[in-house]
Structures are given as structure tokens and as C-alpha cells.
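Me: Let us go through this structure in short questions. Which terms and ground rules do we need before starting?

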Amino acid sequence: MPFELALLALLFLILSLLVGALVRHGLKGLPVPYTVVLLIIGLLLGMVQRAGLITDSAPMLTQSLALVSDITPEVILYLFLPTLIFESAFSLEVHLFRRMAPQIALLAIPGLIMATLLTALLAWQWFPWEWSWALCLLFGALISATDPVAVVALLKEVSSRKRLETLIEGESLLNDGTAIVLFSLFYSMAISGAASVSPLNVVLDFIWVVAGGLLVGAVTGVITVAWVGKVFNDPIIEITLSVVAAYLVFFIAERLHLSGVVALVTLALVFAGTGRTRISPEVAGFLHHFWEVMAHMANTVIFLLVGILIAARVPLDQPDLWWSLLLLYPALLVIRGITIGAFLPLLRRIGIGLTREKALVLLWGGLRGAVSLALALTIAVDQLLPREVADQILFLCAGTVVLTIVINGSTMGHLLGMLGLNQLPAAKQATVDRVKGIVTDELHQLLPNLMTHPFLSRANWRQVKRNILLQERTVDEESHLAAPSALGLACRRRLLETERQSYWAQFDKGTLGRRSTQLLVQLVEHALDGDAEIGPRTSLQPLWMTPLWLSWGRRFPLLRPWANSQLYRHLALGYDLARGFMEAQVDLKSHIRELAPDTALAQRLAVEVEQNLSLAEQHIHQIRDRHPELVQALETQAASRLLLNRERTVIRRQMGMAVLAEPEAQKLLEAVEGRMHKLQRTSMMEQPDAERPLKLFPWARRCRESSRKALHDALVITSYGDGDLILEAGTELGSIGVVVEGSVEARWRMAGSTRLKILTPGEMVALSVLESGQAQASYRGRNLCKIGWLEVQLVKKLMTQDETLMGLLSEQLQMELTRPGVDEDKSGPG
């Protein structure tokens with residue numbers, strides 16, 4: 001009996017995931033790649049369905065396999081690739097990908113073009129079917145792209161080298177764009193029978209496909225990340241947006257005939273880069289786990305699907321196809337070797353370089369998979385080429401996919417072992433061994449207390465030691481195979497990675513801002529890419545200096561208020577950078593003894609960390625002295641976030657102990673997170689402060705609170721830079737001012753000399769305007785300062801309503817008219 005198509009598809013999905021779980025469980029501890037076994041099972045299922053062996057005994061399964069064998073290539077591309085490619089690119093280290101981009105682009109663009117031409121030449125000369133040159137180029141394009149699905153799945157199982165994994169993964173992610181544009185061009189040539197192709201058309205089409213995909217991915221990424229940044233700790237919304245963006249960007253790019261893969265990679269890199277500080281810290285780990293599960297399920301289904309498709313569709317009764325396949329597989333390995341060898345001198349000099357051993361892994365890792373098969377299926381489904389030609393291409397492509405995955409995939413682990421690339425480098429292994437020794441020492445220190453514990457004293461402690469593999473450290477167990485310089489470099493790199501993690505931890509706690517986190521992480525990654533120097537970190541100083549564009553902006557009167565406001569933000573960023581940097585250096589200091597291979601290096605590293613601390617302390621003290629209001633606002637915000645985080649942790653712990661029921665706890669958590677979200681959306685200088693009116697007008701303590709509040713609410717705050725002229729003596733004015741932050745220099749002539757007074761927060765500016773309508777002194781900004789201006793008419797109105805305020809302002813005015821201060825001609829500039 002026939003079954004509903006949706007029901008058959010659901011059955012295949014359920015059985016695929018069940019088979020995947022059984023295979024994964026059965027392969028625990030075995031050096032057999034998971035994806036290779038799935039492909040073989042898929043081939044067997046396809047053969048069984050093709051032979052009709054289960055038609056009568058399992059009709060529903062038979063129909064389900066038949067439905068899968070008739071799947072269109074668009075389903076493979078649109079359903080599976082967004083998940084697999086987004087997850088793969090999202091898990092990349094952005095700074096490492098950026099550093100290796102020249103190598104990746106070299107392999108993915110000119111490398112694939114060379115492989116396409118060589119494969120086309122092979123097909124033209126050796127295949128027995130007299131294909132046209134356009135058809136040979138078409139076949140070369142679809143068979144030359146290393147498939148991201150196959151390669152990524154393989155490397156996550158057997159590779160322990162992050163840089164090598166990034167290189168192969170990056171190439172396989174990006175060369176799909178090159179392959180698809182070449183495939184589209186040569187496919188139209190083969191259909192129309194064109195005999196030649198214009199190199200200019202190839203170049204223009206490639207630029208359009210790649211650049212357009214890059215633009216679509218970047219725009220979508222920026223919009224999505226901005227939206228995610230406005231969501232606070234809502235995993236449902238944030239994860240849903242990432243899924244929607246991944247599938248939508250691929251759909252849009254492909255509909256516009258652009259590279260969907262390039263768009264996806266760009267989107268994922270935006271999420272992994274700038275998006276990391278936009279995603280709620282509480283959701284970031286959950287988001288990564290979600291995409292890992294999605295990619296695992298997609299990998300499971302797609303490898304079974306590919307196996308079934310190959311077994312069900314390819315012609316098996318033509319000897320010339322088999323002979324051609326036996327020729328093609330080794331020839332493709334030779335072509336890939338020629339391609340890598342041709343670019344090897346350049347690959348060694350750019351990016352991170354490339355050793356001979358890694359070049360061999362790169363050669364052997366050129367697997368073909370679902371993308372090549374989907375392109376071959378496109379030819380078979382479209383029926384625009386002769387059926388015989390379509391069957392030949394499908395057979396050769398499917399056979400290559402099977403051979404590369406089964407042979408190359410199953411032997412990749414052995415190759416890595418032979419080349420010594422399946423283990424950590426000696427220097428890194430020495431660091432790991434040192435940490436293991438520290439763990440062993442701590443366990444030995446813990447044992448005496450456990451052995452005397454009233455509920456553990458009767459345990460068989462010899463068996464306990466065997467169970468946990470605890471051994472005595474009779475000698476230094478650290479590796480002596482690595483050179484001292486390599487050990488030192490590995491130690492420095494570990495410390496820098498610890499420093500980077502400290503910044504992310506501070507961001508998660510809410511004590512470090514988004515922009516500060518990005519900049520500090522970038523500085524660490526720059527050090528990791530270079531000589532891994534810990535200090536002195538002089539690269540921080542340019543971030544603290546006033547940008548040139550701000551200095552230029554302050555020269556123009558119309559731009560000066562805006563430039564001063566931006567300068568104030570720059571100072572806030574500088575303080576946040578310095579404070580976060582200091583906290584990371586303190587963390588770093590505590591790890592030096594554990595990670596340093598010798599005492600001499602530990603002492604040098606301690607000196608470098610102290611230099612970093614001294615550098616940051618100087619900047620912090622400078623800002624604290626000159627801008628106490630700014631520091632207070634920053635620390636108020638950080639302290640508020642810390643306490644709110646702690647409050648949320650306590651509520652969750654009470655819920656876990658069943659002291660609070662989940663509904664009641666959830667209400668409390670929602671209230672806390674509401675306050676956290678409000679704090680996040682409020683600018684640090686906009687936070688309400690009940691004591692602010694009193695701080696701004698300390699001389700007005702005795703007047704009415706309503707008067708102080710009215711004065712505070714009426715303030716129009718303007719920023720001034722160091723040396724900016726605020727008022728010239730004799731200027732007619734309709735406002736008086738109060739110093740809100742920083743300090744102001746007041747100068748006036750008296751008895752033939754120039755008098756100077758430094759006005760600090762709370763002191764009045766041009767109070768004489770109340771009496772004469774003119775400023776009696778000249779005022780200039782000192783460092784960066786802020787002045788709040790009050791309309792004279794409003795002040796006079798408040799004075800008539802509050803006699804105390806009138807008396808206080810009269811006292812202030814008298815003080816200004818008596819001109820206290822110092823004789824600048826004798827004391828020098830203030």
C-alpha cells in the first residue's frame with residue numbers, strides 16, 4: 001500500500017538518527033571514522049533497495065528508501081549545506097582564519113582552477129567517450145572541489161592540529177564557490193555547444209559570484225547580530241535568529257546566482273567575530289552546542305543519503321565506466337599533488353607557512369562528497385545533456401566520492417600517525433605533562449585527609465589509586481624532547497590563551513564592555529600570531545591616545561561639541577581597557593609558576609607581567625585624578641552587574657535545592673534579568689543618581705531639595721577639551737554654568753596682574769552674569785571637562801521662590817567678585 005510522502009521522509013530521518021547512534025556507540029574507542037561507516041551502510045541499504053530484497057517484507061521501508069533515491073540535488077544543497085557550513089565556519093578561530101586567508105584563497109581559487117584544467121585535459125585525452133572540451137571542463141569543475149561536508153566531518157575526528165584543520169577546512173569551505181561558478185559556466189557551454197570560452201567572462205562571473213555572496217553574507221550578518229544584541233538572555237530567540245539567518249542567507253544568495261557557501265561562511269565569521277560580544281554570555285555556550293548537535297544530525301543523514309543515492313542511481317553494468325574510474329581516482333590524487341606542489345613555495349612563505357608533512361595531509365585530505373554529487377545529480381535530473389553522458393558523469397562522480405571517503409577517510413588517521421601529526425608538538429605536550437604533574441601533586445595532598453575520613457577510611461586505597469591511575473612522581477615527568485626555546489614559546493602561548501580567556505570571563509560577568517573585550521582579545525591574538533611576547537604590552541598605548549580625527553574635529557567650532565563628547569567616550573573606553581587588562585594580568589601572574597618550564601623563564605615572565613601592570617596603573621591613576629565622575633559611573637555600572645549576576649546565581653541555586661519551586665524562581669529570575677537588561681541599555685552616564693544634585697551643588701545643601709532638583713534637571717551639559725576657550729571676559733551671556741566634571745581655568749586682570757583660579761566640580765562659572773549680564777573673567781577647559789549651563793531667567797525665578805537659594809547664590813557671587821586665586825605672573829601657569 002502507498003504511504004504519505006511526509007511519513008516516509010520522517011521514517012528515513014528517524015532510522016538515520018537511530019543508525020547514527022548505534023554506529024557512534026559501537027565505534028567508541030575504535031580508530032574508524034564515523035562517516036566512513038555511515039557511507040558503507042548507506043551503500044548497502046541502496047543495494048538492498050535496488051535489488052528488491054525487502055519489497056515484500058518491509059514495504060514501508062522500501063518506499064522510504066525509494067523516496068530517498070529520487071531526492072533532488074536542490075534538497076541536498078538547501079537542506080544540509082547551511083547547517084554544515086555555518087557550524088563549521090562558526091567554530092573557526094576568526095583570527096587564525098584571517099591570518100591564513102592568503103593560503104586558503106590560493107588553494108581555493110587558482111588551485112582549483114588549475115585542478116579543473118588538468119582534470120579536463122585528463123578526460124579529453126584518456127576517457128573513451130570522445131567528450132567535447134566544454135564537457136571535459138564541466139566534469140573537471142564538479143569533481144575538483146574538495147567537499148566541506150566530508151572534510152570537516154573527518155578532521156573533527158582525527159586531527160589534533162588547529163592550524164592544519166583550519167587550512168583544510170577553510171579551503172574546502174571556500175573552493176565550493178569557485179567550483180560552482182565554473183560548473184555553471186561550463187554547463188551552459190556544454191548545453192549550447194559553444195567551442196570556446198572567454199577568460200574575461202570567467203573572471204567577471206567569478207568576481208560577481210564571490211563578491212556578491214560576500215556582500216549578502218556580511219549585510220545579513222550585521223543586521224542579525226545587531227538584532228541579537230538587542231535581545232537579552234533569551235536562548236530561544238537568539239538561536240532561532242541564527243538558524244533563520246543561516247538558511248535565509250543561503251537561499252537569497254543562490255536565488256541571486258551568487259555563492260551561497262561564501263555568503264554562509266561570511267555570515268558565520270560575523271557571528272564568531274563581532275557577534276560574540278553581541279550574543280548574551282549566558283546563551284553563547286548553548287548556541288555552540290546547539291549547532292554541534294545540528295551538524296552531527298545533518299552529517300549522519302547526509303552520509304547515509306549519499307550512500308543510498310550512489311547505490312540506487314549509478315549504472316553498474318558498463319565495464320568502460322569501471323576502467324575509467326580506476327584510472328580517475330589515482331589521477332585525481334596526482335593532480336591534487338601537482339596543484340599543491342606548484343603553489344608550495346608560495347604557501348610556505350605566506351600565512352602560517354606549510355611543512356612537507358602538512359602538505360601531504362592536505363593532498364590526502366582532498367575528499368569529494370555531497371557537493372560534487374549534487375552537481376552531478378543536477379545534470380542527471382535536468383536531462384539537458386544526453387542520458388548516456390549524464391550517467392557517465394554520475395557514475396564517475398559517485399565512484400570518486402566513495403573511493404575518497406572510504407580509502408582516504410579511513411586511512412587519514414594512519415597517515416597523521418606516520419607523520420607524527422596525531423599528537424601535540426613536544427613543547428605543548430611538555431606543558432600538558434607539567435599540568436598533569438600539578439594535578440597529581442594536588443591529589444596526593446588530598447589523599448591523607450580522605451584516608452582518615454570516617455566514611456572513607458575503610459576503602460581499599462591501593463585499588464582507589466589503580467582506579468584513578470594515580471602514580472607517584474619520582475622524577476620530573478616533563479618531556480625533554482623539546483628545545484628550551486620551543487618550551488618557552490609554548491609556555492608563552494598558553495599564558496596568552498589564559499589571558500584571552502580572562503577577558504571573555506570578565507565579559508561574561510559584565511565587568512568588561514563589548515568594545516573593550518573585542519580590542520583586548522585582538523591584542524592577545526596579535527601577540528599569539530607573532531612572537532608570543534607577554535610584555536611590556538606597549539600596543540595598548542595607541543588605544544589610550546587621542547585619535548587624530550578627534551584632534552582635527554576639535555579645531556572646528558561646529559564639530560567641537562561632538563568631538564568633545566566622542567573624546568569623553570574614548571576616555572571611558574581607555575579606562576575600561578586598562579582595568580580589564582590589569583585584572584587579566586593578575587590572573588596571568590597566578591599561572592606563571594605552574595606553566596613555566598624553568599625558574600629563569602618564570603622570573604622573566606613575572607617581570608613582564610609587572611611591566612604590564614605598571615603601564616595600566618599609570619593610565620588608571622591619570623584618569624582617576626582628572627575624571628573622578630567618569631570612573632565612578634564606570635565602577636557603578638560594573639558593581640551593579642556583578643551583584644545582579646550574583647543574585648541570579650543564588651536564585652538558581654535555591655531552585656536547584658528545591659527551596660524555591662520553578663514557577664516562583666522563574667518569576668524572580670525574570671525580574672533580575674529585567675533589571676540587567678535595563679542596566680545594559682542605559683548609558684553609564686545616564687544612570688540615575690539620587691545624590692547627583694547635591695554633588696553638583698554642594699554649596700546648596702541648606703536650600704530646598706526641589707530647588708536643587710530643578711537646577712539639576714535644567715542643566716544643559718557641554719563638553720570642552722584641554723585649552724578650549726569657554727568664555728572671554730566681557731562676553732554678554734544669558735546663562736551661568738557649573739563645573740560638572742574635570743576642571744576649568746578662570747583668569748582675570750586685577751591690579752595690573754593676571755589672577756588664576758582652578759574651578760573644580762560644583763563651582764560656578766560666570767556667576768557675575770546674574771548681576772551685570774557679562775562674564776567678568778575668561779574661562780578655558782583644563783584637560784577634558786564638562787560644564788552644565790543654566791538659563792539666568794530660570795535661576796532668578798528659583799531665587800524668588802527660595803530665599804535660602806538666593807542667599808547662597810549671593811554668597812557665591814560675592815566670592816567670585818572678590819577674586820580669590822593666585823597671581824599667575826608670580827606662580828606661573830596653573
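Reply: Buried means under 20% relative accessible area, exposed over 50%, and partly exposed in between (1.4 Å probe, protein chains only). This is a predicted model, in which local features need pLDDT of at least 70 and side-chain atom pairs count only at pLDDT 80 or more, while totals for chains, interfaces and linings use all residues. Residues are numbered from 1 along each chain as its sequence is written, and side-chain values use heavy atoms, with hydrogens and water left out.

Me: Is A766 buried or exposed?

Reply: A766 lies in the loop between β5 (764-765) and α30 (769-772). Helices (H or I, at least four residues) and strands (E, at least two) are DSSP runs, numbered from the N terminus. Phi of A766 is near 60°, positive in a residue other than glycine. Its relative accessibility is 0%, so A766 counts as buried.

Me: How many of the protein chain's residues, in percent, count as buried?

Reply: The protein chain has 33 helices and seven strands. Its C-alpha atoms fill a box of roughly 115 × 80 × 60 Å along the principal axes. Of its 830 residues, the share that counts as buried is 49%.

Me: What is the relative accessible area of H257?

Reply: H257 sits in the loop between α11 and α12 (260-272). Its phi is positive, about 60°, although H257 is not a glycine. Most residues other than glycine have a negative phi, and most peptide bonds are trans. H257 is exposed because its relative accessible area is 63%.

Me: Which peptide bond is cis?

Reply: Look at the loop between α21 (514-529) and α22 (541-544), where P536 is found. Omega is near -5° for the cis bond that runs from G535 to P536.

Me: How far is the backbone nitrogen of A729 from a polar atom of the S778 side chain?

Reply: S778 is in strand β6 (residues 778-791). At 17% relative accessibility, S778 counts as buried. Leaving out residues up to four places away in sequence, S778 touches L727, E728, A729, E745, A746 and R747. From the side chain of S778, a polar atom lies from the backbone nitrogen of A729 at 3.1 Å.

Me: What does helix α25 reach from its first C-alpha to its last?

Reply: α25 (residues 599-626) has 28 residues. Its buried residues include L601, L605, N612, A616 and I623. At its start, a side-chain oxygen of D598 comes within 3.2 Å of the backbone nitrogen of A600.

Technical notes
The expected span of a helix is 1.5 Å times one less than its number of residues. A polar contact is a pair of N or O atoms within 3.5 Å; within protein, one must be able to donate a hydrogen and the other to accept it, and residues adjacent in sequence count only if both atoms are side-chain atoms. Contact means heavy atoms within 4.5 Å.
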